[in-house]
Amino acid sequence: MSWNYQRSEERIRKHLEDMGEIQVEKLRREADLEQLLSETTCRDIYGAHVYIQVSNFARLASDGSYTEDDYKRLIQGVHIYERAVTRIVEGLGGVLVHFQGPKLHALFYRPIDDGEALAARAVLLQLVLKDFVKSIFNPAFPACDDFTIAGGTDLGNAIGTMDGINGDRELLFVGVPANHAAKIISTANRLRLTQQVYKALPEDLRAICFQTVDGPYQVLPVSSDDLDTLLKAHRLTWNRDECARHVEEDKERFPLEDIAYSSAEVLIEVDDLSIFNNKRVLGASIFADVSGFTRYIDAATSDEEKQEALRVFHAIRKETARVITGDFNGVRIQYQGDRIQGLFHLPEDDEEAIAQKVVEAAVGLQSSMEHTLKARLPEAKDLRLAIGMDMGTTLVSKLGARGQRDRICLGEEVECAAQLEERSEGGQIALSKAVYEILPDELRGHFTYSAKVQGFVATDLTAEKVERTARGSKFYRAGAAVFLTAGAIGLTISGLKSARARSVAPGRPYAPDA
Amino acid sequence: MHQMHKPWYLQNGGARLAQDRACIAEAFPGLTYRIAEAAGRVFLDGSITLVAECGVPTPIAVRVEFPADYPQGEPRIFEVAGRFPHVSDRHFFEDGQCCLWLPPESRWNPDDPDGLCLFLEEAAVFFDQQLVYEAEGRSEWPGAQHSHGDEGYLEFVQETLGGGRDLLAVFAPVLLGHKTGHVQSNDPCPCGSRRKYKRCHKQCVENVKRRMGSGNLQAIVGRWYTRTTETKKDEVGLTSKHYQ
């Protein structure tokens, strides 16, 4: 399992050849986005993007003191939460984009181009979900911690596209609001919104918002009665009793005794997972984000520029997935806009081998980005990958049913990996201490601690650099002969003798006076 | 006699150039011959591409210059795109010429029909070491190297003689042809081994003389020896004064 230039180049060539002509048009009327959008049928959609995070889910998934029943209860809770939230989003006229682990991404784009209504619905969704968690979900799961939520909302244009086919399709949005809404989520269980959302809000909702010292606006808590009044004023309904009844019905439908989880000796087939069949593994999570992509697509104003940007997006997306799955036998969990999430869990419970593999995969991702993708797509020259990773006990499952299914990983280290990526800059690979400390010397030597990233960072680390560093120690410093093989492209230098190779004892260079 | 005035690439019907061309076309297709006929000079321009085992190609832009007495004189190779800093710690002259080796240790063999390809292979390994140096991110040349300037030559002499500075001091008068260094084959070796000179260091001394050339010997070893003996005199002087 390793990254290879020619293989990567060939994959990208094929991706680009197979990619149809991309169309990007403004979305002018209401449509079923899942039916409308595809890899090539993309729409510029004005809408309010909402992210809601339940941070407790990740912490509980990593709780070593949990009994088997506790763990099953958590799985039951996560799935029932997802079902309830999906109903709420749809009931308020929104679109469920997906769940990124414990984080919901929803979109309001109806009524078309009505900024005030979209902003209002987004803020009301935040309030409804806060009320739901407090008044329905927590009482329904008293054995778990009190769950709390944090949210972020932004309003503007983002391009919607789609990955996958038939029953396994993933909605994808790229652009400032889809990105920014997630970035303003605070760790302190606040509901936040950008100035764009605030400005678009009607007066009654502005009245419950204020600007925080660090920039974004924040929504004040409201009572259940006040929430009902606000919903009514905006011609929206959320039936609290019906919602509670659905949660109880789901609990009966998915009893603890039917829920199972196990470790994995072979590569997890995430599509086989469900509420009844989950995996709990020692896994290394990796997040790779295309740094600069939001700026790049935001700067694309003409149709041609947008098409070009989408072509770049899909090529990067597919290649990064293939590096994770094809080159390093990992699991692609999810595309999250211009970010990809992967998991490495084999060999089972072998933390050193898993750590080495996830770092090598990160190096492979950087190699594809810097060497093969940029060679094929010169317009991507300013894009870099920022990568974060951590390792720990991880719950792997699949939420939802039929076409709307989301692969999720839960665990504190999953969140830590995402945060390391978010603090990194383009071209960097950031590791947690847990991964760093068990790496073999030849890999660990590339990383140094960064206070800014709060992890161990290597910059511009690609496969040939790792190889050359190893070569430096293996034969140049040892004074051994090297073997040169002439190929179609050039000379390959190796420590291994082959039939076609010529042996050269490295010279002893000199220099004139310094 | 007429043959002597022809540039090297036209001598013997251009046999050496033809032979080198064939070798280059096969092993270094990124390099192209350029003949400046007016100046009677030949260059090889283009790039040497190093392909990592993972397949990443790294082209290094180079120019190879051939001396007028080629193939007796060895070619010189320059890195021309500034891919690497042209500083002595990286074994480059300021103009980008690669210091592949200390001249007395040159591996150039004018009689080898594959000599040019072997020379370029040496250069390829040198460039690979440059890339290793960069990848490692530490200021230490990956592999054996000689010290800068005169010190590099002195290392060569010492190593050929098989000892340190003390041994060099013993043999310096011999190498420099000083009267005090006159030694016959059957005399005891100056190194103090009690063996005959011819059975001890004679071969090494002749090797040093042949490979260094008398000019370099006089300049570099001579300079060092003068400095050393003067320092010793000063020390003796100081000591004598002390006892007076």
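I began with what covers the buried residues of helix 2 of chain B, and found that the cover includes strand 19 (482–486) of chain A together with strand 1 (31–36), strand 2 and helix 3 of chain B. I note here that the model is a predicted one.

I then listed the residues of helix 2 of chain B that are buried, namely R16(B), L17(B), D20(B), I24(B) and A27(B). They lie on the same side of helix 2 of chain B, because the arc they cover around the axis is only 110°. On the face turned away from that buried side I found the exposed residues A15(B), A18(B), A22(B), A25(B) and E26(B).

I also checked the length of helix 2 of chain B, residues 15–27: at 1.5 Å a residue its 13 residues should span 18 Å, and the end C-alpha atoms are 19 Å apart, which agrees.

Next I looked up the interface, where 38 residues of chain B are in contact with 39 residues of chain A. On the side of chain B that touches chain A, at least two residues each come from strand 2 (41–51), helix 3 (115–136) and helix 4 (149–161) of chain B. Helix 3 of chain B supplies the largest share of that side, eleven residues. Sorted by class, the side of chain B that touches chain A has 20 nonpolar, eleven polar and seven charged residues.

I turned to helix packing in chain A, starting with helix 5 (residues 115–140) and helix 9 (residues 224–233) of chain A, whose axes come within 11 Å and cross at roughly 145°. I recorded this crossing as left-handed. Helix 5 of chain A makes the contact through L124(A), L127(A), V128(A), D131(A) and S135(A), and helix 9 of chain A through S224(A), L227(A), L230(A) and L231(A). The residues of this contact divide into six nonpolar, two polar and one charged.

My last entry concerns helix 12 (residues 303–327) and helix 13 (residues 351–376) of chain A, whose axes come within 10 Å and cross at roughly 140°. Here the crossing is right-handed. I noted A315(A), I316(A), E319(A), T320(A), V323(A), I324(A) and D327(A) as the contact residues of helix 12 of chain A, and A361(A), G364(A), L365(A), S368(A) and L373(A) as those of helix 13 of chain A. By class, this contact has seven nonpolar, three polar and two charged residues.

Definitions and conventions: Residues numbered from 1 in each chain as written. Chains lettered and ligands numbered in written order. Predicted model: local features only at pLDDT ≥ 70, side-chain atom pairs only at ≥ 80, totals over all residues. Contact = placed C-beta atoms within 7 Å. Helix = DSSP H or I, 4+ residues; strand = E, 2+ residues; numbered from the N terminus. Nonpolar A, V, L, I, M, F, W, Y, C, P; charged D, E, K, R; others polar. Expected span 1.5 Å × (residues − 1). Buried ≥ 20, exposed ≤ 12 C-beta atoms within 10 Å, placed from the backbone. Arc of directions from axis to C-beta. Axes fitted to C-alpha atoms, helices over the stretch in contact; angles between N-to-C directions. Left-handed = near helix turned anticlockwise from the far one by under 90°.
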